[in-house]
Each structure stands twice: as C-alpha cells, then as structure tokens.
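Here are my notes on the model, for you to read beside the coordinates. Please go through them point by point.

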Amino acid sequence: PLYKGTDVLTQTPISLAIRQTSPDSNKKWVSEDKYLENFAAMNGRPSLTGTYLYPQLEIWKGLSQKDRESSYNRYAHVNFTFDRNAEKNIKPIPSSPIADQFNLTIEPCDRFLKYNNVGFLITSAEFEEGAANCASLLRTVNYPQMDYFIYKLNF
C-alpha cells in the first residue's frame with residue numbers, strides 16, 4: 001500500500017546490493033529468480049529480465065531461432081535459467097512455460113549475453129567450478145530462507 005511507501009521494495013538487502021554494485025556501469029542485469037525479475041529495473045539498472053509490455057524482437061533476434069519467435073513475440077514476464085553443467089555447453093533454449101512467461105535457458109557465458117551488454121547476474125544458487133568461467137562472484141546477499149549471489153561477467 002502507498003501509505004507504507006516503497007521501502008519494502010527499495011530498501012531490501014537485494015535492492016541495496018544492486019544499487020551498490022557498480023553504480024556507474026551501463027551493463028545490463030539478468031536475474032535467474034522469477035521473484036527478482038524486476039528488481040534491477042526497479043533500482044535504476046538496465047535489465048533483460050522483467051515484464052515486457054510489448055514484444056522486444058530486436059533483443060531476441062540474436063538468438064537466431066526464428067522457429068521459436070512465438071515464445072517471445074508478445075507481452076511476457078522474462079526470466080533466465082542458467083545451465084550449470086560444466087561438462088557441456090548448450091545453445092540457448094527459449095520456452096514459454098505458461099501463457100505470459102518467456103524463459104531462456106542459457107550458458108552463463110553465452111555470447112548472446114555479451115552481445116546484449118549483460119554484465120551482472122543474480123542467481124539463487126552458486127555456480128560450481130567450471131560452470132561459469134567468465135563470471136566472478138561479487139557478493140552474497142543473505143536472507144533467512146535463501147541466499148542470492150551477484151556475479152560480474154568478465155567478457
């Protein structure tokens with residue numbers, strides 16, 4: 001409610017961490033946790049995850065998967081899932097698990113992220129050794145029920 005203000009969103013540990021992480025950077029953020037999809041944008045940072053009110057074909061054309069265009073050519077909540085298998089690399093896999101959601105399963109070091117100027121990842125699970133060689137852990141944000149990890153991509 002408005003009478004309580006926005007502190008419940010903007011003064012949380014994850015919001016503060018987002019704002020404190022490279023405040024002068026123009027790099028985009030990507031969140032792996034659907035509950036945080038809008039947190040980067042809500043805290044003044046450019047983001048690929050979030051709620052898109054209209055299709056963003058320019059962004060997703062970099063996937064080079066015309067046959068999957070119906071997954072992202074619409075209003076959608078956009079989320080990412082990072083592949084954590086260090087033994088093999090996958091190509092990006094767009095999917096639409098429900099009508100208003102677009103999910104992209106992708107390697108954390110995929111060139112699509114570099115092409116779209118992504119510099120920061122928020123995950124709810126750490127990357128194991130070798131699963132994200134381009135990423136370095138910047139900080140861990142602790143909550144009673146879960147920890148979040150902020151990584152910087154070093155492209």
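**Notes on the fold and its contacts**

1. S7 and strand S8 (residues 147-153) pair in the antiparallel sense over seven bridges. Strands and helices here are DSSP runs numbered from the N terminus (strands E, at least two residues; helices H or I, at least four). Two strands count as paired if DSSP finds at least two bridges between them. S7 and S8 form a hairpin with four residues between them. Thr140 has Phe149 in S8 as its bridge partner, and Ser136 stands opposite Lys152 in S8.

2. A word on the source. This is a predicted model, in which local features need pLDDT of at least 70 and side-chain atom pairs count only at pLDDT 80 or more, while totals for chains, interfaces and linings use all residues. Residues are numbered from 1 along each chain as its sequence is written, and side-chain values use heavy atoms, with hydrogens and water left out.

3. Look next at Thr12. Thr12 sits in the loop between helix H1 (7-10) and H2. Thr12 counts as buried because its relative accessibility is 14%. The classes are buried under 20% relative accessible area, exposed over 50% and partly exposed in between, using a 1.4 Å probe and protein chains only. The side chains of Thr12 and Ser15 are joined by a polar contact of 3.1 Å. A polar contact is a pair of N or O atoms within 3.5 Å; within protein, one must be able to donate a hydrogen and the other to accept it, and residues adjacent in sequence count only if both atoms are side-chain atoms. Not counting residues up to four places away in sequence, Thr12 touches Asp7, Phe39 and Tyr143.

4. How many salt bridges does the structure hold? The structure holds two. The criterion is a side-chain nitrogen of Lys or Arg within 4 Å of a carboxyl oxygen of Asp or Glu. One joins the side chains of Arg84 and Glu32 (2.8 Å, N to O). Arg84 lies in the loop between strand S3 (76-82) and strand S4 (93-95), and Glu32 in the loop between S1 and helix H3 (39-42), so the pair ties together parts that are 52 residues apart in sequence. Arg84 is partly exposed at 29% relative accessibility; Glu32 is buried at 14%.

5. Glu58 and Lys61 also meet through their side chains in a salt bridge (3.1 Å, N to O). Glu58 is exposed, with a relative accessible area of 56%. Lys61 is partly exposed, at 46%.

6. The largest nonpolar core has 26 residues, and Trp60, Phe80, Phe112 and Leu113 have the most contacts inside it. Such a core is a set of buried Ala, Val, Leu, Ile, Met, Phe, Trp, Tyr and Cys residues joined through side-chain atoms within 4.5 Å. Helix H4 (57-60), S3, strand S5 (101-106), helix H6 (111-115), S6 and S8 each give two or more residues to this core. S3 gives the most, with four residues. A second, separate core of 12 residues includes Trp29, Ile122, Val141 and Tyr148.

7. Is S5 enclosed or open? Five of the six residues of S5 are buried, so S5 is largely enclosed by the rest of the structure. S3 and S5 run parallel and are joined by six bridges. His77 has Gln101 in S5 as its bridge partner. S4 and S5 pair in the antiparallel sense over three bridges, and a hairpin joins S4 to S5 through five residues.

Conventions. Contact means heavy atoms within 4.5 Å.
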